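These are my notebook entries on one protein structure. I begin with the strands and then turn to the aromatic rings.

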Amino acid sequence: FYSYDHDASGFNDNISFDFDGANDYLEGSGNLSSAISVVNGSISTWIKIDSMSANGLIWQITKEEGSTDQIFLLWNNASGVVRANFKGGNVANIADSSSNLENDGSWHHFVVTWQASSKGAANTIKLYQDGSLQDSDAIGTVFSGSGATFGFGRNKLQNYGQNFNGHMNDMAIFNDVLTSSEVSSIYNSGAPKDEAGHSGLIAYYTLEGYSDNDTTVADDADAGNNLSLIHISEPTRLL
């Protein structure tokens, strides 16, 4: 399901993953999900959205199967937006992107940040789109416990037609809340930005180390939080 995507305008790298919207996804280990902070965190991704006929999960942190405690980013088909959601005890706190992103042929950068500590007054989920704060929402709940599963590209809890259809690149996971200037710096880098010096970095996937027939995606943060490739096939080289 992955491809060498050479039409990635705005990037100086060569490899992105192309999810088919049916059964392709990247699965994190239990060590990765437990390492992700559900109290203060950020996830950065570059995506290009193909045509969608249903919701499509971009990434998802969950407590366990059947849990109502989730943090996720998805394509919300009914509203035609990319939606970030912090769910504690099944109470949704959402932040939405702009519209008209589906099948526009362009890469877009999204960062979700969340602060959810003991229902404090400053608790907020924020969604940054292409370097700028797009939307935010106050968080009035907390995530019960810690994350148990994490992955890119599918709905782990309700896997019924909610796989992401599009391309994904340069995914970074942080255990702190990125500032607006840090988000802008990632967006304006124009290439995979070296995040090694960021103290809160726990996993980073530039995809540039990928080779044909690999079954895992290496963690470029050197923390060993590799991702498993599910429903893999031979890559297509787009020259």
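Entry 1, the open sheet. I looked up how the strands are arranged and found an open sheet of eight strands in the order β8-β7-β6-β5-β12-β3-β16-β15, with antiparallel pairing. I noted its edge strands as β8 (91–96) and β15 (216–217), since each pairs on one side only. The model I am reading is predicted.

I examined strand β5 (residues 56–62) and strand β6 (residues 70–76), which run antiparallel and are joined by six bridges. As one example, I recorded that Thr 62 has Gln 70 in β6 as its bridge partner.

The chain has 239 residues, of which 52% count as buried. I computed an accessible surface of about 9,400 Å², with 42% belonging to carbon and sulfur atoms. Among contacts with a separation of 6 or more, 65% are between residues 24 or more positions apart.

Entry 4, strands β13 and β14. I found that β13 and β14 run antiparallel and are joined by four bridges. Ala 172 has Tyr 204 in β14 as its bridge partner. I then asked how many of the residues of strand β14 (residues 201–205) are buried. The result was five of its five residues, and the strand is thus mostly covered.

For Phe 19 and Phe 164, the ring centres are 6.2 Å apart and the planes stand at 65 degrees, so I classed the pair as edge-to-face. The cut-off for that class is an angle over 60 degrees. Phe 19 lies in strand β2 (residues 16–20), whereas Phe 164 lies in the loop between β12 (149–152) and β13 (165–174), so this pair ties together parts that are 145 residues apart in sequence. Both Phe 19 and Phe 164 are buried.

Phe 150 and Phe 152 are buried. I also noted that ring pairs link Phe 150, Phe 152 and Tyr 205 into a cluster.

Which residue lies over the face of Tyr 25? I found Arg 154 there, at 3.8 Å from the ring centre.

Definitions and conventions:
Residues numbered from 1 in each chain as written. Predicted model: local features only at pLDDT ≥ 70, side-chain atom pairs only at ≥ 80, totals over all residues. Heavy atoms only, no water. Buried < 20%, exposed > 50% of the residue type's maximum accessible area, 1.4 Å probe, protein only. Contact = heavy atoms within 4.5 Å. Areas by Shrake-Rupley, 256 points an atom, 1.4 Å probe, with all protein chains shown as cover. Phe/Tyr/Trp six-rings, centres within 6.5 Å; stacked < 30°, edge-to-face > 60°. Helix = DSSP H or I, 4+ residues; strand = E, 2+ residues; numbered from the N terminus. Lys NZ or Arg CZ within 6 Å of the ring centre and 35° of its normal. Pairing = 2+ DSSP bridges.
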